[in-house]
Amino acid sequence: MKQSLFEQQHQADWQGFALQLDALERGKADSQQTQTFAAAYRHLCQHLALAQSRGYSSHLIERLQHLAMRGHQQFYRHRSPIGGQLLGFILAGFPRLVRAEWRFVLAACLLFFGSLLLMGALVYHFPDLVYAVMSPDRVAEMEHMYDPDARRIGRFSERDSGDDWMMFGYYIMNNIGIAFQTFASGLLFGLGSLFFLLFNGLMIGAVAGHLTQIGYGETFWSFVIGHGSFELTAIALAGAAGLKLDWALLVPGRWPRSEALRIAAASSVRLIGGVTVFLLLAAFIEAYWSSMTLASANVKYIVGAALWLLVLAYLLLAGRGDHAPD
Amino acid sequence: MPPTPSSVSATSPTLLDTRFKVETPEGIDLILRPAGVIPRALAFGIDLLIRGALLGALYAVLALFGQFGMGLATILMFLLTWWYMVLFEVLNQGRSPGKQVMGLRVIHDDGTPIGWAASLTRNLLRFVDMLPFGYTLGIISSLRHPAFKRLGDIAAGTLVVYRDEAPSAAVLPEAEALRAPFTMNLNEQRARSALLNAAKTCPARAVWNWRAFSLNPCTSPPNRLNNRSTASPVAF
């Protein structure tokens, strides 16, 4: 068949398809029109293949290729209801994922909580050790923050309700940023994730040990126990996601390193999604509950313990049932 | 299943430029043109300027609202730092404003539009690409990758490509068609039209195509009579 005849026969189809594409790209296609889209797209692909194999001129082929490319972009669009997906992920997907990656989670928890507890115990028994990891100014600042005589506790001791909102923003920015960095630096053959896990573990451990030792224990522990459940778990999970990236690079198995990395990143980025939700909750608790001085220390301990149990139960038990929401 | 960059069938000569072919389930090849370091750096620069201007304006306005405003500004800064690229890429067909200006877009490396997971991955890992300073790792990675991928792109399986504009309709000169002095087979016709096309858009590429044509024994036929059936006379 001559090219001119071919063009003549199918010109109308191509123009119709281009119109459909225009509507779809602007997001204004009605459902009646789009019912024929899949068939029209396949038809166009067939025309393109025909034109190529018959050696028609490149003007025609380029034009068909351009249409096919646009059609492909619309046909394979990811159009999933993000809200429903997110809900299913929080209710079941995330705890399942954490359990599926239990090796990395365990390793990250050991690194983070291990270094935290060890450093805390060491500083408690050898008080001078705190100056090995923190400058004296910083230690003094910490002491000032958790001074039992302060009216309100937390980062700024003279806080009022306007501060709560400001601190909420600060905690989001700071903590989620740290979690993202812990994850991303796993790409540096794990050195980055190891560094962030150990660094944060050592610092928090040193502060906790020092404050307990000088007798500010009650203000400190009642402040941190509530949001710590979400915050510390989230940092450990972000570290686990980073370690997974690192493992894909060090031990790629039967894949090329780039491919192994791609597969690992697909599941670890979902972990990071869950971590982000955890840290948002933690920031909310930290800004509005932990800094409250109305509740007595005992109430805070009870609520904090309940929150820790909630986090553990969520990660271990949620989404196990057959009919868990997907 | 990573699409190989040079899955070239026997009928088309090996591409010597950076074009990236993806075979779709419909049995056709999509031809993508990955963008190199310079246009991407410019696009990032534009995005950076936009974000800087937005942040400056936000702080100026929200500072009036005291501590509530500062809290809000911090949250917005967090969104701008970590989510600006993700939101634009997913919701605006792979184009942040900078990429829009530079004529680029991000897609999965199988040619499909980018989704949330891939976009989040590539933009979180941007932190590593920036190390130790000024995108050093990212630049090294994309200079030595055949499709110019930085580390984040490799991990997310994404590709930054040029957006192709619609090809303009061909204008054939009003002239009487001449018969070629000899019959050209399909490969020869293709080589000739590819050469003419390339000469129009990029003279340097034309030279390369011409060398491919003359050096590659597969494209210069041993016996022209074999292909008589497909070789219709061409009109120059």
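How many Å separate the centres of domain 1 of chain A and domain 2 of chain A, taken over C-alpha atoms? I looked this up in a predicted model, and the answer is 53 Å.

**Entry: domains.** I noted the bounds for chain A next. Domain 1 covers residues 3–75, and domain 2 covers 83–317.

**Entry: nonpolar cores.** I then looked up the largest nonpolar core, which has 100 residues. I listed the members that touch the most other members: A:A108, A:A179, A:A234, A:L237, A:A238, A:A240 and A:V275. I also checked which element gives the largest share of this core, and I found helix α11 of chain A, residues 217–250, with 16 residues.

I picked A:A238 and wrote down its contacts, leaving out residues up to four places away in sequence. A:A238 touches A:A179, A:T182, A:F183, A:I272 and A:V275.

I found a second, separate core as well, with 13 residues. Among them are A:Y41, A:L48, A:L64 and A:A68.

**Entry: contact between the chains.** I looked up how many residues each chain brings to the contact. Chain A brings 45 residues, and chain B brings 44.

I got 26 nonpolar, 15 polar and three charged residues.

Technical notes:
Residues numbered from 1 in each chain as written. Chains lettered and ligands numbered in written order. Predicted model: local features only at pLDDT ≥ 70, side-chain atom pairs only at ≥ 80, totals over all residues. Domains from an automatic or database assignment. Core = buried A, V, L, I, M, F, W, Y, C linked by C-beta atoms within 7 Å. Buried ≥ 20, exposed ≤ 12 C-beta atoms within 10 Å, placed from the backbone. Helix = DSSP H or I, 4+ residues; strand = E, 2+ residues; numbered from the N terminus. Contact = placed C-beta atoms within 7 Å. Nonpolar A, V, L, I, M, F, W, Y, C, P; charged D, E, K, R; others polar.
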